Every structure is written in C-alpha cells, then in structure tokens.
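Please keep the sequence and the 3D view open while you read this note, and check each point against them as you go.

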Amino acid sequence: MKRVLLLATISILTLGLTAQSSSKAKRSTKNKVEKAATVAPISNGPTIFIEKETVDYGVVQKGADGVRKFKVMNKGNQPLLLTNCSGSCGCTVPTCPREPILPGKSAEVSVKYDTNRPGPINKQVNIASNDKQSPNKVVFIRGEVKNTPPKK
C-alpha cells in the first residue's frame, strides 16, 4: 500500500513539473514569435513608407516660411520611384526627389504652403510610386495661418 501511494505521489509530481516546463516553453516560443513580428521585414519589390502621414504647421503668421519636409523610405528590396507628387490645390506645392530611393534608404519630400492665405490649413499631398502593393499615399497638411501675431 505504501508503494502504491509513493508511486502515485511521484507520478503526480512528475506530471506537474512536466506541465510547467511545457507551458514555459510555449510562452518562450510565443515571446520569440511576438518579438520577430515587431521587426518589419523587407518586402519583395519597392515598398513606400512615409515617416509622418500628417505635416502639422501649427499656427503660423501670414507671410511666414511655408516650407516643411517629411521623409519617404523604401522598405522594399528594389529601387522606389516617386512617379508623381501633387497638392490638393495650387497653394500646396510638393517637390519630390526624381532619383530612385534605394532599398533601406530614405529621401525628403518638400512641401511649400502659401502662407499669404489666412485661415485654417487642411490640404493633402498625393504621392504616386512604383510600389505595387500601395502605389498611392496621401500626406495631410494641417495648421492655421494668422493675420496678427499671437498674444504673449
């Protein structure tokens, strides 16, 4: 009888330890998978990535410098070409690089907003590229042009 109780106790302890090791291994594998998923893989072909999809001018004075820049990165494995850059109106003029953006590299897009027009800024810059998955990107231009200097 003592042997049966001893064997039963040993079996229960062994199963408990095995189950704990198995769940730790599963958690360890799950953590490795989650960590691997957070690193963006380089995709096949050119892939456009825009660092900031909203350019915020904040509050600017009438006639102030209206030029802002944002980065465009190629996360693919082939050169990225920006084929067309256009503003949503004549007061928003983007300038895109003409040379290819190599894999893993970035380039700057410059946007000039006409700050001689008082009022809210709510415009868009459309960027077309040779990215087959997502060829068109939109960057929003936000802010406000004031006629008078801000109060201190």
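1. Leu81 touches Pro100, Ala128, Ser129 and Asn130, when residues up to four places away in sequence are not counted, and contact here means heavy atoms within 4.5 Å. Leu81 lies in the loop between E3 and strand E4 (82-87); helices (H or I, at least four residues) and strands (E, at least two) are DSSP runs, numbered from the N terminus. The C-alpha atoms of Leu81 and Cys96 are separated by 9.9 Å, and these two residues are 15 residues apart along the chain.

2. Is Leu81 buried, partly exposed or exposed? Leu81 counts as partly exposed because its relative accessibility is 35%, where buried means under 20% relative accessible area, exposed means over 50%, and partly exposed lies in between (1.4 Å probe, protein chains only).

3. A word on the basis of these values: this is a predicted model, in which local features need pLDDT of at least 70 and side-chain atom pairs count only at pLDDT 80 or more, while totals for chains, interfaces and linings use all residues. Residues are numbered from 1 along each chain as its sequence is written, and side-chain values use heavy atoms, with hydrogens and water left out.

4. The secondary structure of the protein comes to one helix and eight strands, and along the sequence these follow the pattern α-β-β-β-β-β-β-β-β. Of the contacts in the protein with a separation of 6 or more, 68% are between residues 24 or more positions apart.

5. Asn74 has its place in strand E3, and it counts as buried because its relative accessibility is 0%. Which backbone oxygen lies 2.7 Å from a polar atom of the side chain of Asn74? It is the backbone oxygen of Gln78, and the side chain of Asn74 also reaches the backbone oxygen of Ile101, at 2.9 Å. Leaving out residues up to four places away in sequence, Asn74 touches a set of residues including Pro46, Thr47, Pro79, Leu80 and Ile101.

6. Another open sheet of four strands has the order E2-E8-E7-E4, with mixed pairing. The edge strands are E2 and E4, each of which pairs on one side only, and the twist averages 15° from one strand to the next.

7. Strand E2 (residues 54-61) and strand E8 (residues 136-146) pair in the parallel sense over six bridges; Thr54 has Phe140 as its bridge partner in E8, and Val59 has Glu144. Strand E7 (residues 119-129) and E8, by contrast, pair in the antiparallel sense over ten bridges, and in E8 the bridge partner of Ala128 is Asn136. E7 and E8 form a hairpin, with six residues between them.

8. The largest nonpolar core has 23 residues, and those with the most contacts inside it are Tyr57, Phe70, Val72, Leu82, Ile127, Val139 and Ile141; such a core is a set of buried Ala, Val, Leu, Ile, Met, Phe, Trp, Tyr and Cys residues joined through side-chain atoms within 4.5 Å. E1, E2, E3, E4, E6, E7 and E8 each supply at least two residues of this core, and E6 gives the most, with four residues. Leaving aside neighbours within four places in sequence, Val139 is in contact with residues including Ile50, Thr54, Val55, Phe70, Val125 and Ile127.

Technical notes: A polar contact is a pair of N or O atoms within 3.5 Å; within protein, one must be able to donate a hydrogen and the other to accept it, and residues adjacent in sequence count only if both atoms are side-chain atoms. Two strands pair if DSSP finds at least two bridges between them. Axes are lines fitted to C-alpha atoms, for helices over the stretch in contact, and angles run from 0 to 180 degrees between N-to-C directions.
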